[in-house]
Amino acid sequence: MADHLPHHPLFTTRLEFLPTDDRVSLSYQRARLLMHTYNLSAFDVQVCSPKYWAMMTDPIMSLDTAMFTILAAHVGLTIGTLSRHLHKRPDLRPLVNRLLRFDTVGIYLLTERGHGLDAFNIETTATKTPDGFIINTPREEACKFMPASTPSFGISKVALVMARLIVDGEDRGPRFFIVPVCNEHEMFEGVESIRLGARPGTCPLDFSITRFNHVRVPFSALVSSNIYDHSLPASPLEKWWDEVWRIPLGTLAVTAPWISSIKAAAFIAGRYSMHRSLVGKGVNPVPIISFRTQQWPIAHATAVGLVMSNWFPMVAKNGSDKSLDHRVRHGIAVIVKTTVCRHFQRCVPEVAERCGAQGTFEHNYMARIENDGKGVIIAEGDILTLCIRLFSELLLQRYKIPLPDPSESLLARHAASLLEENISLLNSLHGGHRSESFNSLILPQAELTVESMGHALAYSAGLKSGLPKPILDVYECAVIRRDPAWYSENAGLTRILQRIREDEAITATLPHLDTYLNNLAIEEYVSAPIVSDEAWKEYHDEMPVFTGHAIPIYDQVQAML
């Protein structure tokens, strides 16, 4: 369905030659192209159908993070939130159809400048009146941060605005309201958009601060199957989680492009290292892939790319499985995001550095995607905060995440051990999870433990899928590097034994490295010119050339006798 996308003119345009706003405009055009290519229905989005996941995991998403940011909020959050109300709210159908055609862009205004992740305590208000609601931002700290709300790129936008429902002076808790933001040319009356400065080295987008000055909307703006139910929920926090039900799915979805990015970085560095050569003391050029210091980062990124891309479709399926406890589904999403993103942060900078000066330029992809990756750490929930919440609930044994049996692998033993160790430590603390000791001794271990669960689950999936043993061995060695002390203390792997284990894994991988790079199935999406000498020469001819006819003036030097 989407095989043509890498060759479409919108994706063959060289970003680095464009002004900033032309790049933003291009990202909106690309987003529209993907919406038309995949032609999703509201039902596809609501149930996260295979068609929905095909779009969200398309490797093309990794080429333009701004485009993906637009689509993640537009499809996953905005259309997704509205989709479950359509059976009782047929009046929403025209809006949803416009969103599906990308005639209108949907943005998701949840967090506020003064509250950040504490989104339950937002201050924006929606005060009930005889003919609807008044949406208002009471102070600067309550401005919505940071979805792109400007009218600068010729497309109308509508927002789902989280605001506190105020009825007769009583706070009835946070609800979503549909608020038109701008048409193709200007903001709607009462809505202000302040464009934020650029995020250095990333795909640019018109990120904004959005403010509402007593904006009137009808009763139908309330996002609810019953627009006349303005009652105070029995449990406001539980109701809030129900309102933001797409966030856990978004936590999983925003992870997908970074798997493709890891694969692209591995492929670029691998191919570059195979043709880039040095002439040392001998006569013949030696490819830099001959050096172990070059082999490890490339094998590492390749193994991670193959293991993660094998694992992700399995967990995406679980993410939509309603038979699983919703807390477990969200927990798995947190584990996946944590695992993939931290792998990304270790793999991509390392392979980019091994490409020398070439790895620092935007046209070779890795430097830009490394900066873009910092944004996903906080998208759909900051990783550390998500880990702290999940870790705390697991230690309190409120629910369990299904993990591989510890006997299956070293990584499974590691995950089980960390969890058991911290449960025991919690039980020994005076004051339990409310104590200062919990904050200082246990919470700092949250992310490592959550990530270890992801390692165990991904490795288990690789075993069951029959991934090549050298790939699994390199992946295992990379994970051991995350917590070498535990493996030394509990598995008898001293520091030198860990190095020997790595050496054996890399030695077994090298004869098949070319095959493994091809198995990443990412070449078609790679445009970095350093992958081959031919590609570089072609790119060289596209770059601006400065010539002239100026004649240098040399100072006259008098001879001295």
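Accessible areas were computed by the Shrake-Rupley method with a 1.4 Å probe, and for residues only the protein chains shown count as cover. On this basis the protein chain exposes about 25200 Å², of which carbon and sulfur atoms supply 55%. The model is a predicted one, in which local features need pLDDT of at least 70 and side-chain atom pairs count only at pLDDT 80 or more, while totals for chains, interfaces and linings use all residues. Residues are numbered from 1 along each chain as its sequence is written, and side-chain values use heavy atoms, with hydrogens and water left out.

The secondary structure of the protein chain comprises 21 helices and eleven strands; these are DSSP runs numbered from the N terminus, helices being H or I of at least four residues and strands E of at least two. The radius of gyration is 26 Å, close to the 24 Å that the globule rule gives for 561 residues, so the chain is as compact as a globular protein of that length. Here the radius is taken over C-alpha atoms, and the rule is 2.2 Å times the number of residues to the power 0.38. Along the principal axes, the C-alpha atoms fill a box of roughly 90 × 75 × 60 Å.

Of the 561 residues in the protein chain, 55% are buried; buried denotes under 20% relative accessible area, exposed over 50%, and partly exposed the range in between (1.4 Å probe, protein chains only). Contacts require heavy atoms within 4.5 Å. Among contacts with a separation of 6 or more, 75% are between residues 24 or more positions apart.

The chain carries 53 positive and 60 negative side chains, and the centres of the two sets lie 4 Å apart. Lys and Arg count as positive and Asp and Glu as negative, with His and the chain ends not counted; each charge is placed at NZ of Lys, CZ of Arg, CG of Asp or CD of Glu.

The structure holds 13 aromatic pairs. The rings of phenylalanine 219 and tyrosine 228 have centres 6.2 Å apart and planes at 55°, so this pair is tilted. Phenylalanine 219 is buried, at 17% relative accessibility, whereas tyrosine 228 is exposed, with a relative accessible area of 60%. An edge-to-face pair is formed by tryptophan 486 and tyrosine 487, at 4.8 Å centre to centre and 80° between the planes; both residues are buried. Pairing applies to rings of Phe, Tyr and Trp (its six-membered ring) with centres within 6.5 Å, planes under 30 degrees apart counting as stacked, over 60 as edge-to-face and the rest as tilted. Phe133, Phe177, Phe219 and Tyr228 form one aromatic cluster.

Several backbone features were also identified. A cis peptide bond, with omega about 15°, joins phenylalanine 145 and methionine 146, and methionine 146 is found in strand S4 (residues 144-146). Cysteine 48, a residue other than glycine, has a positive phi near 55°. Cysteine 48 is placed in the loop between helix H3 (42-47) and helix H4 (50-56) and is buried at 6% relative accessibility. Alanine 521 likewise has a positive phi near 55°; alanine 521 lies in the loop between helix H20 (513-519) and helix H21 (533-540) and is exposed, with a relative accessible area of 54%.

Phenylalanine 17 occupies the loop between helix H1 (9-12) and helix H2 (20-38) and is partly exposed at 37% relative accessibility. Leaving aside neighbours within four places in sequence, phenylalanine 17 is in contact with Tyr539, Glu542, Met543 and Pro544.
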